[in-house]
Amino acid sequence: MVLIEQFRVGASAAGVSPWITEIMAGLVEAGATPEEVVRRELLEEADCTPIDMVPVMDVFATPGGSSERVAILCGPRRL
């Protein structure tokens, strides 16, 4: 899991600091795996490559109002 600080307009509109520390994420499109998305996002946004991919959990983001699922993986890297 990699944390990244990003500017988020929604937070600004809510009157809080728009700089949010969050888990790096990306959408899993048809034909892709969560692991492929993690590797791509880590390279694009943090310029790092994991040496392994360990599934942590797969959860519903807001099960009361959405069917969106979130796959959380940990990708250790060499320092």
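Visitor: Hi! Where do R40 and E44 lie, and how many residues apart are they?

Guide: Both R40 and E44 are in helix α2, 4 residues apart, which is about one turn of the helix. Helices here are DSSP runs of H or I with at least four residues, strands are runs of E with at least two, and both are numbered from the N terminus. This is a predicted model, where local features need pLDDT of at least 70 and side-chain atom pairs count only at pLDDT 80 or more, while totals for chains, interfaces and linings use all residues. Residues are numbered from 1 along each chain as its sequence is written, and side-chain values use heavy atoms, with hydrogens and water left out.

Visitor: Thanks. What do the side chains of R40 and E44 form?

Guide: They meet in a salt bridge, at 4.0 Å from N to O. The term means a side-chain nitrogen of Lys or Arg within 4 Å of a carboxyl oxygen of Asp or Glu.

Visitor: And which residue does E41 form a salt bridge with?

Guide: With R40, and the closest N and O atoms of that pair are 3.1 Å apart.

Visitor: Is E41 buried or exposed?

Guide: E41 is buried, with a relative accessible area of 9%. Buried means under 20% relative accessible area, exposed means over 50%, and partly exposed is in between, using a 1.4 Å probe and protein chains only. R40 counts as partly exposed at 33%, and E44 is exposed at 56%.

Visitor: What is E41 in contact with, leaving aside its neighbours within four places in sequence?

Guide: M24, A25, G26 and A46. Contact here means heavy atoms within 4.5 Å.

Visitor: Back to salt bridges: how many does a search of the whole structure find?

Guide: The search finds 4 salt bridges. One of them joins R69 and D58, with the closest N and O atoms 2.3 Å apart. R69 lies in strand β4 (residues 69-74) and D58 in strand β3, so this pair ties together parts that are 11 residues apart in sequence.

Visitor: How exposed is R69?

Guide: R69 is exposed, with a relative accessible area of 52%.

Visitor: Which ring does R69 lie over?

Guide: R69 sits over the face of F60, at 5.2 Å from the ring centre. For that call, NZ of Lys or CZ of Arg has to be within 6 Å of the ring centre and within 35 degrees of the ring normal.

Visitor: New topic, then. How many aromatic pairs are there?

Guide: The whole-structure search finds 1 aromatic pair. The rings of F7 and W19 have centres 5.6 Å apart and planes at 70°, so the pair is edge-to-face. F7 is in strand β1 (residues 3-7) and W19 in strand β2 (residues 19-23), 12 residues apart, so the pair links distant parts of the chain. Rings of Phe, Tyr and Trp (its six-membered ring) pair if their centres lie within 6.5 Å, and planes under 30 degrees apart count as stacked, over 60 as edge-to-face and the rest as tilted.

Visitor: Last one: where does D47 lie?

Guide: D47 is in the loop between α2 (34-46) and β3 (54-60). Its phi is positive, about 50°, although D47 is not a glycine. D47 also counts as exposed, at 63% relative accessibility.
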